[in-house]
Amino acid sequence: MQPALKPAPSPTLSIGDIYYVLFRHKWRILICAALGLAAAAAVYYLKPPPYGSEAKLFIRYVVTEGKASSPGSDDAYKSPDQRGETIMDSEEEILTSLDLARMVAEAVGPEKILAKSGGGKDLGQAAHVVAAGLTVEIPPKSSVIRIVFRNPDLQIVQPVLREVIDRYLKMH
(Lines give C-alpha, C1' and ligand atoms only; values in the text may rest on other atoms or scores of the structure.)
Protein backbone atom coordinates (compact mmCIF):
# COMPACT_ATOMS: atom_id res chain seq x y z
CA MET A 1 0.00 0.00 0.00
CA GLN A 2 1.25 3.43 -0.89
CA PRO A 3 1.60 6.16 1.66
CA ALA A 4 -0.98 8.96 1.43
CA LEU A 5 0.35 12.01 -0.29
CA LYS A 6 -0.33 15.36 1.29
CA PRO A 7 -1.56 17.97 -1.18
CA ALA A 8 0.81 20.82 -1.74
CA PRO A 9 -0.19 24.00 -0.01
CA SER A 10 -1.88 26.48 -2.29
CA PRO A 11 0.07 29.62 -3.03
CA THR A 12 -1.05 32.55 -0.95
CA LEU A 13 -0.35 36.21 -1.26
CA SER A 14 0.56 37.88 1.97
CA ILE A 15 1.05 41.54 2.79
CA GLY A 16 4.78 40.94 2.89
CA ASP A 17 4.69 39.84 -0.76
CA ILE A 18 2.85 43.02 -1.73
CA TYR A 19 5.37 45.19 0.16
CA TYR A 20 8.23 43.35 -1.51
CA VAL A 21 6.83 44.01 -5.02
CA LEU A 22 6.04 47.65 -4.25
CA PHE A 23 9.42 48.48 -2.72
CA ARG A 24 11.39 46.37 -5.15
CA HIS A 25 9.80 48.09 -8.22
CA LYS A 26 8.93 51.48 -6.75
CA TRP A 27 10.94 53.45 -9.31
CA ARG A 28 9.34 51.66 -12.24
CA ILE A 29 5.89 52.29 -10.78
CA LEU A 30 6.61 55.98 -10.14
CA ILE A 31 8.16 56.53 -13.59
CA CYS A 32 5.21 54.86 -15.36
CA ALA A 33 2.70 56.90 -13.33
CA ALA A 34 4.57 60.15 -14.09
CA LEU A 35 4.74 59.31 -17.82
CA GLY A 36 1.01 58.57 -17.86
CA LEU A 37 0.17 61.88 -16.17
CA ALA A 38 2.50 63.79 -18.51
CA ALA A 39 0.90 62.16 -21.57
CA ALA A 40 -2.60 63.00 -20.29
CA ALA A 41 -1.60 66.63 -19.67
CA ALA A 42 -0.01 66.89 -23.13
CA VAL A 43 -3.13 65.56 -24.84
CA TYR A 44 -5.33 67.92 -22.83
CA TYR A 45 -3.29 71.03 -23.69
CA LEU A 46 -2.32 70.19 -27.27
CA LYS A 47 -5.76 68.99 -28.37
CA PRO A 48 -8.43 70.57 -26.17
CA PRO A 49 -11.87 69.00 -26.27
CA PRO A 50 -14.28 70.78 -28.63
CA TYR A 51 -17.13 72.81 -27.25
CA GLY A 52 -20.58 71.76 -28.27
CA SER A 53 -24.09 73.12 -28.44
CA GLU A 54 -27.19 70.99 -28.88
CA ALA A 55 -30.71 71.68 -30.08
CA LYS A 56 -33.72 69.52 -30.77
CA LEU A 57 -36.31 70.16 -33.48
CA PHE A 58 -39.77 68.67 -33.29
CA ILE A 59 -41.32 67.91 -36.67
CA ARG A 60 -45.01 67.67 -35.95
CA TYR A 61 -46.79 67.34 -39.28
CA VAL A 62 -46.81 68.16 -42.95
CA VAL A 63 -49.59 70.12 -44.55
CA THR A 64 -50.84 68.44 -47.71
CA GLU A 65 -52.51 70.58 -50.33
CA GLY A 66 -55.34 69.82 -52.67
CA LYS A 67 -57.94 68.78 -50.14
CA ALA A 68 -60.26 71.35 -48.68
CA SER A 69 -61.12 70.77 -45.07
CA SER A 70 -63.21 72.48 -42.52
CA PRO A 71 -61.55 74.54 -39.81
CA GLY A 72 -60.66 72.47 -36.79
CA SER A 73 -60.45 69.14 -38.60
CA ASP A 74 -57.17 67.27 -38.97
CA ASP A 75 -57.82 66.21 -42.57
CA ALA A 76 -55.18 68.56 -44.01
CA TYR A 77 -52.41 67.28 -41.74
CA LYS A 78 -51.09 64.06 -43.13
CA SER A 79 -47.78 62.26 -43.39
CA PRO A 80 -46.75 60.91 -46.82
CA ASP A 81 -45.86 57.54 -45.33
CA GLN A 82 -47.20 55.72 -42.32
CA ARG A 83 -44.39 56.51 -39.88
CA GLY A 84 -43.05 59.70 -41.48
CA GLU A 85 -39.60 58.25 -42.22
CA THR A 86 -39.30 59.96 -45.60
CA ILE A 87 -40.05 63.32 -44.01
CA MET A 88 -37.40 62.85 -41.37
CA ASP A 89 -34.84 61.68 -43.95
CA SER A 90 -35.49 64.73 -46.13
CA GLU A 91 -35.20 67.04 -43.11
CA GLU A 92 -31.87 65.44 -42.26
CA GLU A 93 -30.67 65.95 -45.84
CA ILE A 94 -31.62 69.62 -45.70
CA LEU A 95 -29.84 70.13 -42.36
CA THR A 96 -26.63 68.46 -43.56
CA SER A 97 -26.56 70.13 -46.97
CA LEU A 98 -23.59 72.24 -47.94
CA ASP A 99 -25.98 74.97 -49.18
CA LEU A 100 -27.26 75.47 -45.64
CA ALA A 101 -23.70 75.42 -44.29
CA ARG A 102 -22.70 78.08 -46.82
CA MET A 103 -25.65 80.31 -45.82
CA VAL A 104 -24.70 79.92 -42.15
CA ALA A 105 -21.05 80.74 -42.91
CA GLU A 106 -22.15 83.89 -44.76
CA ALA A 107 -24.40 84.98 -41.89
CA VAL A 108 -21.94 84.33 -39.06
CA GLY A 109 -18.89 85.43 -41.03
CA PRO A 110 -16.00 83.31 -42.29
CA GLU A 111 -13.49 85.30 -40.22
CA LYS A 112 -15.18 84.29 -36.98
CA ILE A 113 -15.60 80.65 -37.99
CA LEU A 114 -12.01 80.26 -39.18
CA ALA A 115 -10.40 82.25 -36.33
CA LYS A 116 -9.25 79.18 -34.34
CA SER A 117 -8.32 77.11 -37.39
CA GLY A 118 -5.78 79.43 -38.97
CA GLY A 119 -7.96 82.38 -39.92
CA GLY A 120 -8.91 83.60 -43.35
CA LYS A 121 -11.97 84.78 -45.24
CA ASP A 122 -12.59 81.76 -47.47
CA LEU A 123 -16.34 81.15 -47.50
CA GLY A 124 -15.98 77.61 -48.86
CA GLN A 125 -13.59 76.60 -46.11
CA ALA A 126 -15.86 78.16 -43.47
CA ALA A 127 -18.82 76.23 -44.91
CA HIS A 128 -16.83 73.00 -44.67
CA VAL A 129 -15.96 73.76 -41.03
CA VAL A 130 -19.66 74.28 -40.30
CA ALA A 131 -20.64 71.09 -42.15
CA ALA A 132 -17.90 69.04 -40.47
CA GLY A 133 -18.89 70.20 -36.98
CA LEU A 134 -22.60 69.60 -37.48
CA THR A 135 -24.11 66.29 -36.36
CA VAL A 136 -27.75 65.46 -37.10
CA GLU A 137 -29.33 62.44 -35.42
CA ILE A 138 -32.83 61.06 -35.76
CA PRO A 139 -33.79 58.32 -33.31
CA PRO A 140 -35.85 55.50 -34.85
CA LYS A 141 -39.62 56.04 -34.82
CA SER A 142 -39.22 59.59 -33.56
CA SER A 143 -40.31 62.98 -34.82
CA VAL A 144 -37.49 64.82 -33.03
CA ILE A 145 -34.25 65.78 -34.75
CA ARG A 146 -31.18 66.25 -32.52
CA ILE A 147 -28.67 68.77 -33.88
CA VAL A 148 -25.22 69.20 -32.34
CA PHE A 149 -22.51 71.62 -33.44
CA ARG A 150 -18.97 71.11 -32.12
CA ASN A 151 -16.01 73.44 -32.57
CA PRO A 152 -12.87 74.33 -30.58
CA ASP A 153 -13.95 77.99 -30.46
CA LEU A 154 -16.40 78.64 -27.64
CA GLN A 155 -17.48 81.99 -29.09
CA ILE A 156 -19.01 80.60 -32.30
CA VAL A 157 -20.66 77.37 -31.16
CA GLN A 158 -24.03 78.80 -30.13
CA PRO A 159 -24.29 81.50 -32.82
CA VAL A 160 -23.59 78.95 -35.55
CA LEU A 161 -26.17 76.48 -34.20
CA ARG A 162 -28.73 79.26 -33.80
CA GLU A 163 -28.08 80.36 -37.37
CA VAL A 164 -28.38 76.76 -38.63
CA ILE A 165 -31.83 76.51 -37.09
CA ASP A 166 -32.90 79.96 -38.32
CA ARG A 167 -31.73 79.30 -41.89
CA TYR A 168 -33.33 75.85 -41.84
CA LEU A 169 -36.67 77.30 -40.79
CA LYS A 170 -36.40 80.01 -43.48
CA MET A 171 -35.80 77.33 -46.12
CA HIS A 172 -39.23 75.97 -45.26
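Me: Gladly. Which residue of strand 3 stands opposite Glu137?

Reply: Arg146 in strand 3 is the residue opposite Glu137. Thr135 has its counterpart in strand 3 too, namely Val148. Before we go on, this is a predicted model, in which local features need pLDDT of at least 70 and side-chain atom pairs count only at pLDDT 80 or more, while totals for chains, interfaces and linings use all residues. Residues are numbered from 1 along each chain as its sequence is written, and side-chain values use heavy atoms, leaving out hydrogens and water.

Me: How do you know that strand 2 and strand 3 pair, and in which sense?

Reply: Pairing requires at least two bridges found by DSSP between two strands. Strand 2 and strand 3 (residues 144-151) have four bridges, in the antiparallel sense, so they pass that test. The two also form a hairpin with six residues between them. Strands here are DSSP runs of E with at least two residues, helices are runs of H or I with at least four, and both are numbered from the N terminus.

Me: What makes strand 1 and strand 2 edge strands?

Reply: The open sheet has three strands in the order 1-3-2, with antiparallel pairing. Strand 1 (51-58) and strand 2 (134-137) each have a single partner strand, so one side of each is left without a neighbour in the sheet. On average, neighbouring strands are turned by 20 degrees against each other, direction ignored.

Me: Which helices lie on this sheet?

Reply: Helix 3 packs on it, touching strand 1, strand 2 and strand 3, and its direction makes about 20 degrees with that of strand 3. Helix 6 (residues 123-133) lies across strand 2 and strand 3, running at about 125 degrees to strand 3. Strand 2 itself has a covered face, Leu134 and Val136, and an uncovered one, Thr135 and Glu137.

Me: Then why is Ser53 called buried?

Reply: Ser53, found in strand 1, has a relative accessible area of 11%, so it is buried. Leaving aside neighbours within four places in sequence, Ser53 is in contact (heavy atoms within 4.5 Å) with Ile147, Val148, Phe149, Val157, Gln158 and Leu161.

Me: Why are helix 4 and helix 7 described as oblique?

Reply: Their axes come within 9 Å and cross at roughly 125 degrees. Angles under 35 degrees count as roughly parallel, over 145 as roughly antiparallel, 65 to 115 as roughly perpendicular and the rest as oblique, and helix 4 and helix 7 are therefore oblique to each other. The crossing is right-handed, a term used when the near helix is turned clockwise from the far one by less than a right angle.

Me: Which residues meet there, and how do they divide by class?

Reply: Leu100, Met103, Val104, Ala107 and Val108 in helix 4 meet Pro159, Val160, Glu163, Val164, Arg167, Tyr168 and Met171 in helix 7. They divide into 10 nonpolar, no polar and two charged. (Nonpolar covers Ala, Val, Leu, Ile, Met, Phe, Trp, Tyr, Cys and Pro; charged covers Asp, Glu, Lys and Arg; polar covers the others, Gly among them.)

Me: Are Ala107 and Glu163 buried, partly exposed or exposed?

Reply: Ala107 has a relative accessible area of 36%, so it is partly exposed. Glu163, at 17%, is buried. Not counting residues up to four places away in sequence, Ala107 touches Glu163 and Arg167, and Glu163 touches Val104, Ala107 and Val108.

Me: What makes helix 3 oblique to helix 7?

Reply: Helix 3 (residues 85-95) and helix 7 (residues 154-171) pack at an angle of about 125 degrees, with axes 10 Å apart, and that angle makes helix 3 oblique to helix 7. Helix 3 passes helix 7 in a right-handed crossing. Glu91, Ile94 and Leu95 of helix 3 make the contact with Val164, Tyr168 and Met171 of helix 7. By class, this contact has five nonpolar, no polar and one charged residues.

Note on methods: Axes are lines fitted to C-alpha atoms, for helices over the stretch in contact, and angles run from 0 to 180 degrees between N-to-C directions. Buried means under 20% relative accessible area, exposed over 50%, partly exposed in between (1.4 Å probe, protein chains only).
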